[in-house]
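Subject: Structure for your review

Dear colleague,

Please find below the structure that I am handing over to you. A short account of the findings follows it.

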Amino acid sequence: MGYYVIKNKEYRANQLKNREMNYPPSIPSYKMAESCQRYKDKVTLITGGSSGIGKGLLEVFVRHGSKVVFCSNDEKQGKAVEKKINEAGYGGEATFVFADVTKESDVKHLVQETINKYGLLNCVINNAGYHPPYQTIDDITKDDFTKLFDLNVVGYFLISKYALPHLRKTEGNIINIASMDGHHAAGGSTIYVATKGAVLAMTRALAIDEAKYNVRVNSISPGATSSPLLLKMVDISPDPEQQMQRYKDVSVLGRIGQPEEMGMTALYLSADATFCTGIDIQVSGGTPLNYADKNMRKDKTLFI
């Protein structure tokens, strides 16, 4: 009995320590999980896999035995991540391929390189995207909207289009990284919200069409998540400290998410959720819950 009391005290102490550091109290031990790899030898293609959420997706899938091909439009960064992941000896493997997902020729090459290397494809995770600085519509041009739509929506379309002939053969799945903004919107984010709303709608529609091939199509909507992009948004805000606190405060758990948490959710959808298609999982720390100060008639100098 005393053993369990001691272990419980240690657990609570670790929880409190992690909470103070604003890290999640229960991210799994990946080293321990290597003995029960959940996606061993499955082939996964991840876009935007060299940083932020994409890197978290990459690390989780490799740790669970997947053979992952990932792309980025930053070749130096992509190769550095590939080297680091493979040297870690997680169990799976990572292969970097340079690609700009807004260019159809790059997308075709990316998919073909995956097939050339492994001969099949089990899972595609569309993640490459961008959140522009907070602006109202008065300061946004048509060109701004077109470029963002090409990246955040058309990029997902192109990858899905050229990957699906291979996914149908393996009865694989697609996971689209959407956003909580696609559900609830946010100030100063008109065109970003529009792109993520389109991703959610496209996910549901594609799930219907691909069901006859037993290919599942789902999405994940992250809340505020630790990444270079989020830190950049914080840094360019009028009050960075206050902006970061607001990101934390919109979650009832009082913190931002970690890229690995998005990775574990994607792993569930790909490996375990075999009767789920056309769904979206909100990984946001309870962002939609509770009441909040939403009065936009007051002076609002910061956006969320």
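The side chain of Asn 126 makes a polar contact with the side chain of Asn 176, at 2.9 Å; a polar contact is a pair of N or O atoms within 3.5 Å, where within protein one must be able to donate a hydrogen and the other to accept it, and residues adjacent in sequence count only if both atoms are side-chain atoms. This is a predicted model, in which local features need pLDDT of at least 70 and side-chain atom pairs count only at pLDDT 80 or more, while totals for chains, interfaces and linings use all residues. Residues are numbered from 1 along each chain as its sequence is written, and side-chain values use heavy atoms, with hydrogens and water left out.

Asn 126 belongs to strand E4, residues 123–126 (strands, E, of at least two residues and helices, H or I, of at least four are DSSP runs, numbered from the N terminus). Asn 126 counts as buried because its relative accessibility is 0% (buried means under 20% relative accessible area, exposed over 50%, and partly exposed in between, with a 1.4 Å probe and protein chains only). Beyond its neighbours within four places in sequence, Asn 126 has contacts that include Thr 47, Tyr 156 and Ile 177 (contact means heavy atoms within 4.5 Å).

The largest nonpolar core has 32 residues, and Leu 58, Phe 61, Ile 125 and Ile 175 touch the most other members. Such a core is a set of buried Ala, Val, Leu, Ile, Met, Phe, Trp, Tyr and Cys residues joined through side-chain atoms within 4.5 Å. Helix H3, residues 52–63, gives the most to this core, with 6 residues. Another core, of 25 residues, lies apart from it and includes Leu 121 and Leu 206. Leaving out residues up to four places away in sequence, Phe 61 touches Tyr 39, Ile 125 and Leu 267, among others.

Two loop residues deserve a mention. Asp 41 is in the loop between helix H2 (30–33) and strand E1 (43–47), and Ala 185 is in the loop between helix H7 (181–184) and helix H8 (190–210). Phi is near 65° for Asp 41 and near 65° for Ala 185. Most residues other than glycine have a negative phi. Asp 41 is partly exposed, with a relative accessible area of 44%, and Ala 185 is partly exposed, with a relative accessible area of 44%.

Yours sincerely
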